[in-house]
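Dear colleague,

I am handing over the structure below, and my notes on what was found in it follow directly after. Please read them with the coordinates open beside you.

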Amino acid sequence: EQLPVQTNTGNYNVYIGKGLRHQVETYLPKQYNQVFIITDSHIANMYLNDVVDSFSSEVKVSTYTVPAGENSKQMDWFHECHTYAIESGLERSDLIVALGGGVVGDLAGFVAATYMRGVDYIQVPTTILAHDSSVGGKVAINHPQGKNMIGSFHQPQAVIYDTETLDTLPGTEWRSGMAEVIKHALIADEEMLEQCFDLPSFDAISNETIADLLKKGIHIKASIVQEDEKEKGVRRYLNLGHTLGHAIEAESGYSSITHGEAVAIGIDFALFLSAKQFPEANLPNEAFRKWLEKHNYPLSSKLEEYNLDALMEKIKKDKKNNHQQIRIVLLSSIGEPTLVPYSEQSLMAELIEFRNEVR
Ligand code: NAD
Ligand code: ZN
């Protein structure tokens, strides 16, 4: 199955299905003499050999493995990747392969964006979250002062998504990725939202069902990115749940909670605010809260852990803000995202009320 993605800087396909990691070369838009695979230490043990073996003997394959975890999205590892690429003789016309989740995708994508002023790369995602991060061409590493501070826009040549790899994905990573799946449903597709609400426990989801949801999520993300590649308008709506989500992640030092779990709390807050802003709207607040509980997302326990003033400091740094106003993505109904401004004081009052409600 393939989904086309169109951007100003190039068109590419997303291929999604079972066992695709065994046929990576077949899905490339052209022939390459050499490929350089970047992956992380967890994935290397499980899937690296399959991908290496998927190339025919005419292609020179070299690999580089970084430690698993957010810490590898960092200047030192970025530099190591470049060093190793040079030592492997990787040329301007060769290909970089990002095999892994969002961490590897962002790191390897940024290496590809900068190596010899830019070489081709493909994404081979292995997490649910990566249905989001592998599409759209945003690539970056972190700076000690802030996440994703050093980066670029660089579109891949293809995304080759093997849903079989999700069989080994741990439960917390399922929760993390499914928060972005339901986010896509909330901003664009009411039917998909119903489908999300009806899901069995994540470990009981069939390969067909998850493939279907990932396709729908990718389709939504791709259409928004197509319209607004550099995030001047509608792409901002993809930030539903991310204002508070990013603040929670930052407060937890990017360790005790995953990105998507933090975003799930942020979405719950956005729905709480939306219900107040749009009292006439028929919003799925109750169903969403039930969904969080059913799938064991941390909600009240997590909010209790944080100092609200500290969270507010983080929120104020959000890139979507304009002058003194904090702008938050809310829903005026399912499929209708909108940006709503808040002053610091009014948002603080809402945060306190929200915390009391989920307590
Ligand atoms: P990740 O890449 O760290 O993967 C999560 C964990 O799961 C890691 O320990 C990894 O080794 C392991 N793992 C990956 N695939 C596995 C598999 N199939 N089986 C077993 N274990 C597996 O994290 P992520 O959640 O995929 O990505 C998070 C990153 O994505 C963040 O750095 C975030 O900033 C970035 N991101 C980027 C964009 C974008 O548009 N570029 C969008 C959203 C998030
Ligand atoms: Zn996100």
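In the hairpin formed by β10 and β11, where two residues lie between the strands, Gly 335 takes a positive phi near 85 degrees.

As to confidence, the protein averages a pLDDT of 94, and 99% of the residues score at least 70, while the model as a whole scores ipTM 0.99 and pTM 0.95. Where pLDDT is low, the predicted coordinates should not be read in detail.

Turning to the sheet, seven strands form an open sheet with mixed pairing, in the order β1-β2-β9-β6-β5-β3-β4. Its edges are held by β1 (2-7) and β4 (60-66), each of which has a single partner strand, so one side of each is left without a neighbour in the sheet. Neighbouring strands of this sheet are turned against each other by 20 degrees on average, if direction is ignored. Inside that order, β6 (residues 120-125) and β9 (residues 158-162) pair in the parallel sense over two bridges, and Gln 123 has Val 159 in β9 as its bridge partner. Helix α7 (residues 207-227) packs on the sheet, where it touches β1, β2 (10-17) and β9, and its direction makes about 15 degrees with that of β1.

The domain assignment divides the protein into domain 1 (2-168) and domain 2, which is made of 171-204 + 212-358. Taken over C-alpha atoms, the centres of domain 1 and domain 2 are separated by 27 Å. The contact between them takes 17 residues from domain 1 and 21 residues from domain 2. On the side of domain 1 that touches domain 2, the elements giving two or more residues are β1, β2 and α4, and the largest share, four residues, comes from β1. By class, that side of domain 1 has nine nonpolar, six polar and two charged residues.

How many residues surround ligand 1, and which are the closest? The shell has 30 residues, and the closest are His 42, Gly 101, Gly 102, Thr 127 and Ser 133. The elements that give two or more residues to this shell are α1 (41-53), α3 (102-114), α4 (130-133) and α5 (171-188), with the largest share, four residues, coming from α3. Sorted by class, the shell around ligand 1 has nine nonpolar, 14 polar and seven charged residues. Both domains take part in the shell, since at least three residues are drawn from each of domain 1 and domain 2.

With best regards

Key:
Residues numbered from 1 in each chain as written. Chains lettered and ligands numbered in written order. Predicted model: local features only at pLDDT ≥ 70, side-chain atom pairs only at ≥ 80, totals over all residues. Near = placed C-beta within 6 Å. Nonpolar A, V, L, I, M, F, W, Y, C, P; charged D, E, K, R; others polar. Domains from an automatic or database assignment. Pairing = 2+ DSSP bridges. Axes fitted to C-alpha atoms, helices over the stretch in contact; angles between N-to-C directions. Contact = placed C-beta atoms within 7 Å. pLDDT = per-residue confidence, 0-100.
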